[in-house]
Amino acid sequence: MSGPGPLYAAVFGYLSITLSAWALLRYPARGLGFIRRRFMAVLAAWLIGVPVIEVCVARPQWLGDENATSSTWWPYLWTSRPAFDVISNALMVGSALLAIGFLALMLRQLRVGGRRERAVRLPVAAAGMLAAVVAGVVVVVTSVAGPHEEVFAIEGMAQLGVPIGFLVSFAQQRMTRLSTMVTVFDNTNPTTHLLRQVLRHNLRDPKLDLLVWSDADQTYLTVDGGPADIGSSLAGRQAIPVMGHGGRPLAVVVTESDAAGDADLVDAAVAISRLALENLLLSRRLLTADYDARQVIVADLHDGAQKDLCALRVALSKLGCAEPEALPGLVETADRLVVNALRELRDLAHGVYPHTLTHAGLAAAIEETADELDLIVHLTAPEHRLPATVEKTVYFFVNEALTNAHKHAGTIRLQVEVRQSGGVVIAEVRDDGTGGADGNGPGLARLRDRIEAHGGRLQISSPRGTGTHVVARIPCV
């Protein structure tokens, strides 16, 4: 064979092994540690430097090129068979030792980090260790018996496992990054600060910013609550909107322009951000509703039972010094105040949780609410009892819907249907009133929050002039 081919093959025949070792030792980090840098320097010097010395004392035929001619590029500096044999044996022994050192480094790398990190490294490390063993065997065989096509074919197949290992590890790494985001919000109460940190880590952008939409301010705010300077935040970067139900703005993820290159991962991050932000908003609305309910209870106690009990205390204090003829009147007043206080407490307890629902079931509790609101309700409900939490959720949904209809619909006739279909309970409330209900108003918003907190969904149809139809679908499990 003529030309530079044989000389290049003899000098740089192990270059692929050197580059593969470099890639394997640094994966998945961005660089090599001190020990690995030293090892790579020795490996490169040995697998490139020793062959250079070898060709200086060898003839092409000694390295297996039987077809070498006078036109073959070769240095022919000092041809010596004994020297060639010594250098070949040194190359063989040194390569075997370096292969053992490489295996030790790869095994050490598998012991670093958590379980998920080790799982990501495992495919690459396994492929790399197999390729290292085969490469060591090939060096020994070629040094002893010269080049053989079968040996190089086996080495090629072993080295092919390295890129396959990288592909498998890359897929696992993507899945790990996605599962990490899901796990964080599955085990932790979501906050905007935590969401930003998770996005920074998984999109590999330490400068990523999250601008959160504020309904009160009608603008985007930083996670610290300050006003967001959209112009400066977007300079040279890309804004990825996060939209909620009905196209409602939730946030904007501001990241490096090239971060959007991994479209699948970005889409998954946006979807998880949407769920986390909607869950956060729902938690806040439920907390606000809880505070409001507590305030209503306090006001009812203050204006009702507390007032009567204070008056009762005054009446009882007069009994000790009252004239005999005044005692019947004071006792009658005290008795009336006790009756009023008991009625107030009973009504308050019924508003918090109806006694009828527990002892008589859903249908009886709904009919009792309709009677108190003076509504004519055509009710269809299952005869069997629903699961306790579902039954409570359905009752409060129907109760709120009836109350809203009583206040705003301008009608006293309604249809209420509750049915169970498979693992879902469907509750419908329909009136023939004025319609035009605001789906985002406080009353219907409370309905939606209750249903979604139970994992269900709420649908509202209220064309103006044709009444309102509210449907709740609530899972039983």
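This is a predicted model: local features need pLDDT of at least 70, side-chain atom pairs count only at pLDDT 80 or more; totals for chains, interfaces and linings use all residues.
Strands E1 (residues 209-214) and E2 run antiparallel and are joined by three bridges.

The E1 and E2 pair belongs to an open sheet of four strands, ordered E2-E1-E4-E3, with antiparallel pairing. The edge positions are taken by E2 (219-221) and E3 (237-243); each of these has a single partner strand, so one side of each lacks a neighbour in the sheet. From one strand to the next, the twist averages 30 degrees.

Helix H7 (residues 192-202) lies across E1 and E4 (249-256), and H7 runs at about 145 degrees to E1. Which residues of H7 are buried? They are Thr192, Leu195, Arg196, Val198, Leu199 and Asn202. Viewed down the axis of H7, these buried residues fall within an arc of 165 degrees, so they line one face of the helix. After H7 comes Arg204, with a positive phi near 55 degrees.

The elements named in this report, with their residue ranges, are as follows.

| Element | Residues |
|---|---|
| Strand E1 | 209-214 |
| Strand E2 | 219-221 |
| Strand E3 | 237-243 |
| Strand E4 | 249-256 |
| Helix H3 | 34-57 |
| Helix H4 | 81-110 |
| Helix H7 | 192-202 |
| Helix H14 | 388-409 |

A second site concerns two helices. The angle between the axes and the distance between the axes describe two packed helices. For H3 and H4, the axes come within 10 Å and cross at roughly 160 degrees. Angles over 145 degrees count as roughly antiparallel, and H3 is therefore roughly antiparallel to H4. The crossing in which H3 passes H4 is left-handed.

Is Tyr395 buried or exposed? Its relative accessibility is 3%. Buried means under 20%, so Tyr395 counts as buried. Leu362 is 33 residues away from Tyr395 along the chain, yet the C-alpha atoms of the two are separated by 6.6 Å.

For the protein as a whole, there are 15 helices and nine strands. Of the 477 residues, 39% are buried. Among contacts with a separation of 6 or more, 64% are between residues 24 or more positions apart.

Terms used. Residues are numbered from 1 along each chain as its sequence is written. Side-chain values use heavy atoms; hydrogens and water are left out. Two strands pair if DSSP finds at least two bridges between them. Helices (H or I, at least four residues) and strands (E, at least two) are DSSP runs, numbered from the N terminus. Axes are lines fitted to C-alpha atoms, for helices over the stretch in contact, and angles run from 0 to 180 degrees between N-to-C directions. Contact means heavy atoms within 4.5 Å. Buried means under 20% relative accessible area, exposed over 50%, partly exposed in between (1.4 Å probe, protein chains only). The arc is that of the directions from the helix axis to the C-beta atoms. Angles under 35 degrees count as roughly parallel, over 145 as roughly antiparallel, 65 to 115 as roughly perpendicular and the rest as oblique. A crossing is left-handed if the near helix is turned anticlockwise from the far one by less than a right angle, and right-handed if clockwise.
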